[in-house]
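Could you walk me through this structure, starting with the whole chain and then going into the details?

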Amino acid sequence: MTYHPKSDFMRVMIERGYLADCTDYQGLDEALVKGVVPGYIGFDATATSLHVGSLIQIMMLRWLQKTGHKPIVLMGGGTTKVGDPSFRAEERPLLTNEQIDANIAGIKRAFSPYVRFGEGPTDAIMVNNAEWLDGLNYLTFLRDIGRHFSVNRMLSFDSVKSRLDREQSLSFLEFNYMILQAYDFLELRRRYGCLIQMGGSDQWGNIVNGVDLTRRVIDAEVFGLTSPLLTTSDGKKMGKSASGAIWLNAELLSPYEFWQFWRNTTDADVGRFLKLYTELPLDECDRLGALQGSEINSAKIVLANEVTTLLHGAEAAAAAEATAREVFEKGGVGDDLPTLVLGPSDVAEGISIAQLFVRTGLAKSGKDAKRLIAEGGARMNDDLVTDAGLMLGAGELVEPVKLTAGRKRHALVTLG
């Protein structure tokens with residue numbers, strides 16, 4: 001990146017590794033210097049929580065506010081009814097209005113630790129695109145908005161082309177998505193003076209469409225900015241782990257498990273993740289990321305503590321670190337481990353150890369649990385489990401039982 005920004009926001013985006021591309025670096029930088037700039041990122045309401053894969057975007061909105069500008073969190077109450085086809089092999093399942101509303105309520109909670117909502121000039125606002133999409137008149141929309149879109153150009157976007165090249169069905173419903181997203185940008189410019197749309201680099205085509213449409217319809221300049229699509233150094237998609245999605249809402253994933261995800265970061269990713277997911281000074285991120293051998297573990301604990309503190313608070317981060325130390329260093333059970341509470345009916349006829357590994361989430365299926373046991377990766381109270389058919393009854397569960405999968409994943413089983 002040869003561009004030297006004048007604005008704090010662009011400087012942070014470039015220095016900390018958030019920036020993949022921008023429609024006009026200089027134009028956006030100058031706008032950011034002149035005054036408060038509203039910027040938005042859209043989130044479709046496909047689940048009751050966002051996961052770590054969305055955290056880079058949430059951090060971009062946080063930095064936008066920290067550098068004196070106004071974040072707009074756009075909830076896709078309308079677009080969720082269509083489903084973004086970008087780089088997906090198949091159509092998303094369609095959700096009811098009730099499911100979408102419940103998902104939006106859950107997602108709202110994930111944002112409050114990161115951005116300040118309110119009525120002030122740099123306070124964040126949350127907007128739902130169902131406000132303008134639900135009441136659209138189809139013919140009016142086609143005439144006023146649809147005429148600005150070239151089907152030839154839409155077919156050339158990678159997100160569409162990849163589906164067509166693989167001869168996978170792309171419904172007309174999904175094909176409309178990019179027009180609706182572009183229309184969102186136009187509406188946000190009209191209603192809130194929004195100047196920036198941000199998103200992952202897979203959204204580049206959709207963002208450029210919105211910039212183009214806004215210029216054509218109301219002759220206003222707006223800007224697009226994308227972040228790199230993040231994968232871990234071993235090629236895995238950010239936000240997923242062996243046990244499933246790393247959710248931001250505590251009721252779906254405990255603060256301890258969230259902390260543990262970051263503690264288990266690959267050595268090569270530590271420096272980069274410190275820059276993206278924490279607010280530590282850059283030189284400190286570089287220093288910690290350069291540590292070698294066993295010393296890098298202290299940097300991973302700093303990473304886990306900083307990221308968990310931002311989301312769940314300092315107390316939860318400290319409790320998670322204490323639990324981890326208890327579990328790993330002393331072989332104890334700790335208070336914060338994910339816990340499966342069984343009722344008397346669950347153990348009336350005994351319950352197999354394999355089933356306990358499944359029900360605690362340490363194995364995806366009975367087959368997965370048996371494989372874990374056969375390969376010597378399963379422990380109960382730190383003793384190797386060798387028999388997948390081992391049955392436990394109420395007597396064995398009087399005291400909490402600690403299950404371990406591999407070296408780092410633990411859960412407790414107890415009787416309620």
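The chain has 19 helices and 15 strands. Keep in mind that this is a predicted model. With a radius of gyration of 24 Å, close to the 22 Å that the globule rule gives for 416 residues, the chain is as compact as a globular protein of that length. Of the 416 residues, 51% are buried. The accessible surface comes to about 19,100 Å², and carbon and sulfur atoms hold 50% of that. As for what touches what, take the contacts with a separation of 6 or more: 72% of them are between residues 24 or more positions apart.

Now to the inside. In soluble globular proteins, nonpolar side chains tend to be buried together. Here, the largest nonpolar core has 99 residues, and Trp262 and Tyr277 are the ones with the most contacts inside it. Helix H10 (residues 177-192) gives this core its largest share, nine residues. Click on Trp262 and look around, skipping its neighbours within four places in sequence: you'll find Val52, Leu55, Met238, Phe273, Tyr277, Lys300, Leu303, Ala304 and Val307 in contact with it. Apart from this core lies another one, of 23 residues, and Leu342, Leu362, Val385 and Leu403 are among them.

Leu403 also takes us to a sheet. Strand E14 (residues 401-405) and strand E15 (residues 409-415) run antiparallel and are joined by five bridges. Within that pair, Leu403 has Ala411 in E15 as its bridge partner. Both strands belong to an open sheet of five strands with mixed pairing, in the order E9-E15-E14-E11-E12. At its edges sit strand E9 (339-342) and strand E12 (383-384), each of which pairs on one side only.

Next, have a look at strand E3 (residues 70-76). How much of this strand is buried? Seven of its seven residues are, so E3 is largely enclosed by the rest of the structure. In a regular strand the side chains alternate between the two faces of the sheet. You can follow that along E3: Lys70, Ile72, Leu74 and Gly76 point one way, Pro71, Val73 and Met75 point the other way, and all are buried.

Which strands pair with E3? One is strand E2 (residues 38-44), which runs parallel to E3 and is joined to it by seven bridges. For example, Gly39 has Pro71 in E3 as its bridge partner. To get from E2 to E3, the chain passes through helix H3 (residues 55-66), and this β-α-β crossover is right-handed. Strand E4 (residues 125-128) also runs parallel to E3, with four bridges between them. There, Ile72 has Ile125 in E4 as its bridge partner.

Last stop: a loop. Between helix H11 (204-218) and strand E6 (223-227) you'll come across Asp219. Its phi is near 50 degrees, a positive value in a residue other than glycine. Is Asp219 buried or exposed? With a relative accessible area of 67%, Asp219 is exposed, since the cut-off for that is over 50%.

Key:
Residues are numbered from 1 along each chain as its sequence is written. This is a predicted model: local features need pLDDT of at least 70, side-chain atom pairs count only at pLDDT 80 or more; totals for chains, interfaces and linings use all residues. Side-chain values use heavy atoms; hydrogens and water are left out. Buried means under 20% relative accessible area, exposed over 50%, partly exposed in between (1.4 Å probe, protein chains only). Helices (H or I, at least four residues) and strands (E, at least two) are DSSP runs, numbered from the N terminus. Two strands pair if DSSP finds at least two bridges between them. A crossover is right-handed if, with the strands pointing away from the viewer, the path from the first strand over the helix to the second runs clockwise. The radius of gyration is taken over C-alpha atoms; the globule rule is 2.2 Å times the number of residues to the power 0.38. Contact means heavy atoms within 4.5 Å. Accessible areas come from the Shrake-Rupley method with a 1.4 Å probe; for residues, only the protein chains shown count as cover. A nonpolar core is a set of buried Ala, Val, Leu, Ile, Met, Phe, Trp, Tyr and Cys residues joined through side-chain atoms within 4.5 Å.
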